[in-house]
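Please consult the sequence and the structure while reading.

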Amino acid sequence: MQTLISNRCSSIQSAVPESYVLPPEKRPTAVPPCKTIPVIDLQGLDRDRTDLIQQIIKASQEYGFFQNPNRTTLRIAFIYKNTIVTSFLWYLLFDKSWGLRGVDAGCVVVVGQEFFELPVKEKERFYYRDPKQICKFKRSINYEQEDVHFWRENFTHPCHPLEDYIDHWPQNPVRYREVFGSYTVEVRKVGLLLLDLICEGLGLECGYFEGDLSGGMVMNTNYYPLCPDPNLVLGLPKHGDPYLLTLLNQGHVPGLQVLKDEQWLEVEPIPNTFVVNINHMLQIISNGKLKSADHRVVPSSVSARTTVVNFIRPTNDCLVGPAKSLLVKNCSPPLYKTITFGDFISTYGTKTHQGIDPLERVML
Ligand code: OGA
Ligand code: NI
């Protein structure tokens, strides 16, 4: 691990090391920002819940467009069937007991960055050696096995139930446990609320996502160091997330791109915003009604980029398949097999890395 790109001094960073340079056909080209972000105002939740949920589902299916320029405080963007649906959460967050109450979404990005900027010896103890490790620090994606490396470092660990894991988390930066602990509790509430709305919108029985289906949560912090030539590399290649739902706090440095109609578009950072995207398990459960969105990351030549990502996930032995009530209601055959989440995740990484859609294996 001597070759951590986060710990190289700036003089060495004057060129991209050859092992990170992608073949020409895989290099990113300049992409336009996604200017037509549909917006749904979640303020209406208490006034007309049914209407609001229908808006979310409809917007997501029809590439509908909703905007309410009057609310600017905290937004959530769904990447949903390759459409980005941005929703405002002002009312939910501060007038209710859910939401990021008293937690500063910017602070967690700062503390995450502080972790990556620690001296190598502070991070060494977390280096990924064994899949059973709780905290894992990794370079790229699969550094030892891949042909070309990706311009990122990653620190990941479970974060729910908090009391099971927090004692294993880093104590340096000193604020790490406190800041990440309170953040994940609040983000989980927002995530579960969104799952409730999606559940209702799909017409599933109340509480469908409760229990093992949403029983776990992963904390995933990415660091994309300043890059001397972002035209040659990717921070993360094209992928869909394998879990249920992603809540991405991408800070203020651009880099996330989403694939929409075969075209890559930049998902511009909006202050205090989550980008929420549908994951593979939600695509399976909804029998393809909801689509997991393909995305990738390009690093920046202006600034290092730190992102803090939470994935709500099923437990490993949880069975995941198309929801029966949905099949009956729509008189439609299942498009996917029922599998355990552990089985799916065991081949997800290799498949995605080989450019194969990991959902193919579970299609009927
Ligand atoms: C991920 C991911 C996006 C980003 O961690 O799966 O897609 O902008 N991250 O860091
Ligand atoms: Ni992702």
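The questions below turn to the ligand, then to a sheet, and finally to one residue of this predicted model.

Student: How many residues surround ligand 1, and which are the closest?

Tutor: The model is predicted. The shell around ligand 1 divides into 6 nonpolar, 5 polar and 2 charged residues. Ligand 1 is surrounded by 13 residues, and the closest are N220, Y224, H295, R305 and T307.

Student: At what distance does an N or O atom in the side chain of T307 lie from an oxygen atom of ligand 1?

Tutor: Polar side-chain atoms of several residues lie within the 3.5 Å cut-off for a polar contact. For N220, the distance to an oxygen atom of ligand 1 is 3.0 Å, and for H239 it is 3.1 Å. For T307, the corresponding distance is 2.7 Å.

Student: What percentage of the area that ligand 1 exposes when taken alone does the protein bury?

Tutor: Taken alone, ligand 1 exposes 290 Å². Of that area, the protein buries 96%.

Student: Which strand gives the most residues to the shell around ligand 1?

Tutor: The elements that give two or more residues to this shell are strand 6 (216–224), strand 7 (236–239), strand 12 (295–297) and strand 13 (305–313). The most, 4 residues, come from strand 13.

Student: Which strands stand at the edges of the open sheet, and why is one side of each left without a neighbour?

Tutor: The sheet has 4 strands in the order 7-12-9-10, with antiparallel pairing.

Student: Which residue of strand 10 is the bridge partner of Q257?

Tutor: Strand 9 comprises residues 256–260 and is joined to strand 10 by 4 bridges, the two strands running antiparallel. The bridge partner of Q257 in strand 10 is E266.

Student: Does I5 count as buried or exposed?

Tutor: I5 lies in the segment before strand 1 (39–41). Its C-alpha atom is separated by 9.7 Å from that of Y223, a residue 218 residues apart from I5 along the chain. The relative accessibility of I5 is 1%, and the cut-off for burial is under 20%. I5 therefore counts as buried.

Terms used. Residues are numbered from 1 along each chain as its sequence is written. Chains are lettered from A and ligands numbered from 1 in the order in which they are written. This is a predicted model: local features need pLDDT of at least 70, side-chain atom pairs count only at pLDDT 80 or more; totals for chains, interfaces and linings use all residues. Side-chain values use heavy atoms; hydrogens and water are left out. A residue is near a molecule or strand if one of its heavy atoms lies within 4 Å of it. A polar contact is a pair of N or O atoms within 3.5 Å; within protein, one must be able to donate a hydrogen and the other to accept it, and residues adjacent in sequence count only if both atoms are side-chain atoms. Accessible areas come from the Shrake-Rupley method with a 1.4 Å probe; for residues, only the protein chains shown count as cover. Ala, Val, Leu, Ile, Met, Phe, Trp, Tyr, Cys and Pro count as nonpolar, Asp, Glu, Lys and Arg as charged, and the others, Gly among them, as polar. Two strands pair if DSSP finds at least two bridges between them. Buried means under 20% relative accessible area, exposed over 50%, partly exposed in between (1.4 Å probe, protein chains only).
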